[in-house]
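Subject: Structure handover

Dear colleague,

Here is the structure I said I would pass on. My notes on it follow below.

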Amino acid sequence: MTQINKNYLNLKESYLFFDIAKRVKNYENEHPGKKIIRMGIGDVSLPLCPAVITEMQEAVAEMGKAETFHGYGPEQGYSFLKKPIMEYYQTFGVFLEEDEVFVSDGAKSDLGNILDLFSKENTVLIPDPVYPVYVDTNIMDGRKIIYLKADQDNHFLPMPQENIQGDIIYLCSPNNPTGAAYSKAQLKEWVDFALSHNSLILFDAAYEAFISDDSPHSIYEIEDAKQCAIEFCSFSKTAGFTGTRCGYTIVPMALHFQDVSINHLWLRRQTTKFNGVSYVVQRAAKAVFSAEGQRQTKKNIEYYKRNAKLMADTMERLNIWYTGGKNSPYVWIRCPHQMSSWEFLDYLLEKIQVVGTPGEGFGKNGAGYFRFSAFSSYEDTIEAMERFYNLFQLNELPDLTK
Ligand SMILES: *Cc1c(COP(=O)(O)O)cnc(C)c1O
């Protein structure tokens with residue numbers, strides 16, 4: 001008889017975006033013609049930049065001619081992409097070897113796949129609230145999870161505590177959903193903690209390109225982090241590749257557990273279970289690092305960051321507690337008047353037709369908080385924040401009885 005992986009039955013169904021969509025739909029049906037502004041999207045909205053499109057079109061044309069056709073490529077990615085990634089890391093003082101860079105079809109897959117290398121007996125530490133992928137991939141394997149409490153006291157950046165031990169530690173900085181980013185000193189504490197307890201850090205750097213201050217872009221900016229950390233990065237938010245699919249994972253040569261090279265295990269895993277990212281997409285990703293590509297993608301990031309700043313400034317003016325908005329496309333706010341995150345969703349929808357994401361959807365410590373994303377248009381962001389400002393400037397207490 002076929003036995004299923006019963007751990008899957010322990011997964012909680014995620015109704016978050018489904019529930020939001022349902023409430024918005026209901027409102028729309030009852031109030032046709034009202035303009036709803038969506039500030040909840042976690043997907044980019046600007047198109048791929050011209051440098052990327054030109055390169056991709058050239059690569060497509062090559063695929064149509066016998067002399068320049070490409071079949072299977074190296075599972076770990078082409079040198080023409082790994083080299084610019086290495087050069088990019090050098091801009092923040094990190095020197096990588098080519099064999100430490102693994103091109104992927106995005107950070108999400110590798111964040112899940114990496115767990116192949118580690119025993120189900122490991123205990124994992126996961127911040128709460130957080131990107132739900134870390135939790136679900138570990139539930140699928142049946143690992144024990146300990147949550148790291150993120151709250152206003154630690155500015156949603158949980159720090160290591162001696163009484164909370166784990167073998168695998170997830171860190172996401174700049175963070176989704178809170179937008180908070182660790183400083184170098186804070187990340188050093190985590191690296192020291194991992195080194196002293198022989199633990200592994202899985203570092204998600206998907207939003208590194210949004211950093212505006214001196215927060216580290218890579219965990220390897222911290223000395224000796226190569227001995228304890230794997231880093232995941234992605235072109236999704238950096239260059240609008242959410243639908244194109246490309247990312248990269250750094251597995252340092254210096255990383256060993258139980259005298260086994262983790263780089264070697266990962267190479268073995270990838271060459272067995274993965275046949276690489278398409279040639280055309282890797283060429284597109286390469287173009288992100290050209291002078292033109294950097295200028296154009298940075299321009300798009302600045303566009304989102306201007307939206308984020310507008311939202312952060314609005315919270316500032318209203319004296320509403322928030323994090324993020326500076327090093328990330330997210331602003332994470334405390335719901336005013338002690339509203340729960342779902343009450344706040346309904347309240348904003350009813351009063352000003354602005355939609356965001358209830359913090360509770362990212363973990364139990366997200367209760368009472370709300371995420372706005374900067375991926376809407378500038379015009380919509382202005383309009384949403386004007387409506388928001390006027391609503392709370394009146395300081396009207398919500399009627400929650402409705
Ligand atoms: C969007 C996002 C990613 C990127 O995932 P891809 O699979 O590369 O699209 C990774 N981590 C976090 C926290 C994200 O929000």
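One definition is needed at the outset: helices and strands here are DSSP runs, helices (H or I) having at least four residues and strands (E) at least two, numbered from the N terminus. In those terms, Asn327 sits in the loop between β11 and β12. Please keep in mind that this is a predicted model.

**Domains**

The domain assignment divides the protein chain into domain 1 (14-43 + 292-394) and domain 2 (50-289). Taken over C-alpha atoms, the centres of domain 1 and domain 2 are 27 Å apart. Domain 1 brings 28 residues to the contact, and domain 2 brings 34 residues.

About 2500 Å² is buried between domain 1 and domain 2, and carbon and sulfur atoms account for 56% of that area. On the side of domain 1, Asn327, Phe362 and Asn365 supply 25% of the area buried against domain 2, more than any other three residues.

There are 17 residue pairs in polar contact between domain 1 and domain 2 (both at pLDDT 80 or more). The elements of domain 1 that each give at least two residues to the side touching domain 2 are α10 (291-318), β11 (322-324), β12 (330-334) and β15 (369-373). Of these, α10 gives the most, with eight residues. By type, the side of domain 1 that touches domain 2 has nine nonpolar, twelve polar and seven charged residues.

How many salt bridges does the rule find across the interface of domain 1 and domain 2? It finds one. Lys326 forms a salt bridge with Asp213, with 3.5 Å between the closest N and O atoms.

**Asn327**

Is Asn327 buried or exposed? The cut-off for buried is under 20% relative accessible area. Asn327 counts as buried because its relative accessibility is 5%. Its side chain reaches the backbone nitrogen of Ser212 at 2.7 Å. The side chain of Asn327 also makes a polar contact of 3.1 Å with the side chain of Asp213.

Setting aside neighbours within four places in sequence, the contacts of Asn327 are Pro174, Ala181, Tyr207, Phe210, Ile211, Ser212, Asp213 and Ser215.

Helix α9 (residues 279-288) is mostly covered, with nine of its ten residues buried. The buried ones are Tyr279, Val280, Val281, Gln282, Arg283, Ala284, Ala285, Ala287 and Val288. Among the elements that cover them are α2 (50-63), α3 (79-90), β2 (101-104), α7 (236-239) and α10.

Arg283 lies in helix α9 and Glu55 in helix α2, so the pair ties together parts that are 228 residues apart in sequence. Both Arg283 and Glu55 are buried. They also belong to a network of salt bridges that links Glu55, Glu58, Glu62, Arg283 and Lys286.

**Other salt bridges**

A search of the whole structure gives 20 salt bridges. Side chains of opposite charge can pair when their charged atoms come close.

One of the pairs is Lys309 with Asp313, at 2.8 Å, N to O. Both residues lie in helix α10, four residues apart, about one turn of the helix. An α-helix has 3.6 residues a turn, so residues three or four places apart point the same way. Asp313 counts as partly exposed because its relative accessibility is 32%.

Another pair is Lys149 and Asp151, whose closest N and O atoms are 3.7 Å apart. Lys149 counts as exposed because its relative accessible area is 52%. Asp151, by contrast, counts as buried, at 17%.

**Ala229**

Ala229 is in strand β7 (residues 229-234). Ala229 is buried, its relative accessible area being 0%. Apart from neighbours within four places in sequence, Ala229 is in contact with Leu200, Ile201, Ile219, Tyr220, Pro252 and Leu255. Lys120 is 109 residues from Ala229 along the chain, and the C-alpha atoms of the two are separated by 19 Å.

Regards

How values were computed. Residues numbered from 1 in each chain as written. Predicted model: local features only at pLDDT ≥ 70, side-chain atom pairs only at ≥ 80, totals over all residues. Heavy atoms only, no water. Domains from an automatic or database assignment. Contact = heavy atoms within 4.5 Å. Buried area = accessible area lost by both parts, 1.4 Å probe. Salt bridge = Lys/Arg side-chain N within 4 Å of Asp/Glu carboxyl O. Polar contact = N/O pair within 3.5 Å; in protein donor to acceptor, adjacent residues only side chain to side chain. Nonpolar A, V, L, I, M, F, W, Y, C, P; charged D, E, K, R; others polar. Buried < 20%, exposed > 50% of the residue type's maximum accessible area, 1.4 Å probe, protein only.
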